[in-house]
Amino acid sequence: MLFAYLFNGQVSCSLGGWVPNWTFLRKTNTSFEMDWATAKAGNAHPEDIANTKDYFIGLENLHFLTSQSYYRAKLELKHTGGRINLYYNGFMVGPETSSYTLTYHSVDVSHRGRNGFSPHEPRMFSTRDHDVYGCVTQKGYIGWYGPDCADYSLFADVITWPMTVDQLVEVTSMSLVMYRQHDFHH
C-alpha cells in the first residue's frame with residue numbers, strides 16, 4: 001500500500017499493503033485531546049505513521065483534500081474479537097465555517113459491524129473550546145457529532161463501536177485512510 005500524507009503542505013509517501021494512493025487521516029492506539037487550533041492544523045509528523053504514535057492529518061488538510069476529488073474513506077477498527085471495516089463513499093469534510101462538517105453518500109460494512117456516526121446531519125467537528133451541539137460536554141471527548149449527540153467518537157479515551165444493534169466492542173486500535181474513488185480496484 002502506498003500511504004500518502006500531508007505535512008507542511010507537502011505530500012509524503014510510504015509503502016506497504018495492497019491498495020495504491022491511500023491518504024492516512026487518523027491512526028491511534030490511544031486517545032489524545034486537541035483544542036480547536038490543534039484539530040484544525042493536526043498533529044501530523046511523517047515519522048508517526050511508520051511508528052505506533054497517534055497521528056491526525058488535521059481538519060484543514062482534510063477539507064483541502066476532500067474538496068479536490070471524490071473520495072472513499074476506510075475506517076478499520078481492531079478489537080479483541082477481530083476487526084470492523086467501514087467504507088464511506090463520497091467522504092467529504094467541509095470548510096471551517098461549517099465546523100468541518102463530515103458528509104458521505106453511503107457506507108459499506110465488512111467484517112460485521114455498524115456505522116457509528118449519527119444519521120442526523122450536519123455532523124460537525126467539536127472540541128472543548130468549540131463545542132457546537134454540547135456533545136463534547138455531554139460525552140467527554142472531541143469528534144464529529146450530529147445534533148442528537150448519538151455518534152461514537154474516533155477520539156475517545158476508550159473507543160467503542162457498534163457491532164450489532166445491542167452490542168458494542170472496545171476498539172484496541174484504529175486507522176482512518178482515504179483514497180480517490182476512481183483509484184479503488186477490487
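Visitor: How many helices and strands does the chain have, and what makes a stretch count as one or the other?

Guide: The chain has 4 helices and 12 strands, where helices are DSSP runs of H or I of at least four residues and strands are runs of E of at least two, numbered from the N terminus. The model is a predicted one, in which local features need pLDDT of at least 70, side-chain atom pairs count only at pLDDT 80 or more, and totals for chains, interfaces and linings use all residues. Residues are numbered from 1 along each chain as its sequence is written, and side-chain values use heavy atoms, leaving out hydrogens and water.

Visitor: Why is Cys135 called buried?

Guide: Buried means under 20% relative accessible area, exposed over 50% and partly exposed in between, with a 1.4 Å probe and protein chains only; Cys135 has 0% relative accessibility, so Cys135 counts as buried. Cys149, at 4%, is buried as well.

Visitor: How do you know that a disulfide joins Cys135 to Cys149?

Guide: A disulfide is a pair of cysteine sulfur atoms within 2.5 Å, and the S to S distance of Cys135 and Cys149 is 1.9 Å. Cys135 lies in helix H4 and Cys149 in the loop between strands E10 and E11, so the pair ties together parts that are 14 residues apart in sequence.
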